Amino acid sequence: MNKNNIVCRGISGQTSSQMLIRFRQDVIELHPKYVVILAGTNDLACNTGCISPENYHSALAAEDGSFPRKYSYDGVHPGLDGYKIMEPLLLSILK
């Protein structure tokens, strides 16, 4: 825990299904006021097997289906420009 009472429970390389397994102990039992979850990137990387991309894929994909570097800071994880594309899609689902 840091000076702002932030606890990082992220494990590099884990997929969404692996995160769900530890959700109770790493989130619910800590009784957080807020939770920020970054998930899905490792699902697309097929870290635990291939999945069918739905979600943000069509909005972010290049013609060949790849993730353009303009939406990423490292070619894998979304950067600010990627999040700007993702935000209105997320808001439309939450409403």
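Reply: Start with a nonpolar patch on the surface, formed by Leu20, Phe23, Ile28, Val35 and Ile37. Together these residues have about 450 Å² of accessible area. Accessible areas come from the Shrake-Rupley method with a 1.4 Å probe, and for residues only the protein chains shown count as cover. Patches are made of residues with over 30% relative accessible area and no salt bridge; nonpolar side chains (Val, Leu, Ile, Met, Phe, Trp, Tyr) are joined within 5 Å, and like charges within 9 Å.

Two notes on reading the values. This is a predicted model: local features need pLDDT of at least 70, side-chain atom pairs count only at pLDDT 80 or more, and totals for chains, interfaces and linings use all residues. Residues are numbered from 1 along each chain as its sequence is written, and side-chain values use heavy atoms, with hydrogens and water left out.

Now take one member of the patch, Leu20. Leu20 sits in helix H1, residues 16-21. Helices (H or I, at least four residues) and strands (E, at least two) are DSSP runs, numbered from the N terminus. Is Leu20 buried or exposed? Leu20 is exposed, because its relative accessible area is 64%. The cut-offs are these: buried means under 20%, exposed over 50%, and partly exposed in between, with a 1.4 Å probe and protein chains only.

Next comes a charged pair. The structure holds one salt bridge. It links Asp26 with Arg22, and the closest N and O atoms are 2.4 Å apart. A salt bridge is a side-chain nitrogen of Lys or Arg within 4 Å of a carboxyl oxygen of Asp or Glu. Side chains of opposite charge can pair when their charged atoms come close. Arg22 counts as buried because its relative accessible area is 12%. Asp26 has 14%, so Asp26 is buried as well.

Then the loop. His31 lies between helix H2 (23-26) and helix H3 (41-44). His31 has a phi near 50°, a positive value in a residue other than glycine. At 68% relative accessible area, His31 is exposed.

Move to the segment before H1, where Lys3 is found. Lys3 is exposed, at 79% relative accessible area. Lys3 and Asp26 are 23 residues apart along the chain, and their C-alpha atoms are separated by 19 Å.

Helix H5 covers residues 80-94. Its 15 residues should span 21 Å, and the end C-alpha atoms are 20 Å apart, which agrees. That expected span is 1.5 Å times one less than the number of residues. H5 bends by about 30° at Met86, and Pro88 follows within four residues. The bend at a residue is the angle between axes fitted to the seven residues ending there and the seven starting there. Leu91 is also in H5. Leu91 is partly exposed, at 37%.

Last, the whole chain. It has five helices and zero strands. Its C-alpha atoms fill a box of roughly 45 × 30 × 30 Å along the principal axes. Of its 95 residues, 17% count as buried. The accessible surface comes to about 7,700 Å², and 56% of that belongs to carbon and sulfur atoms.
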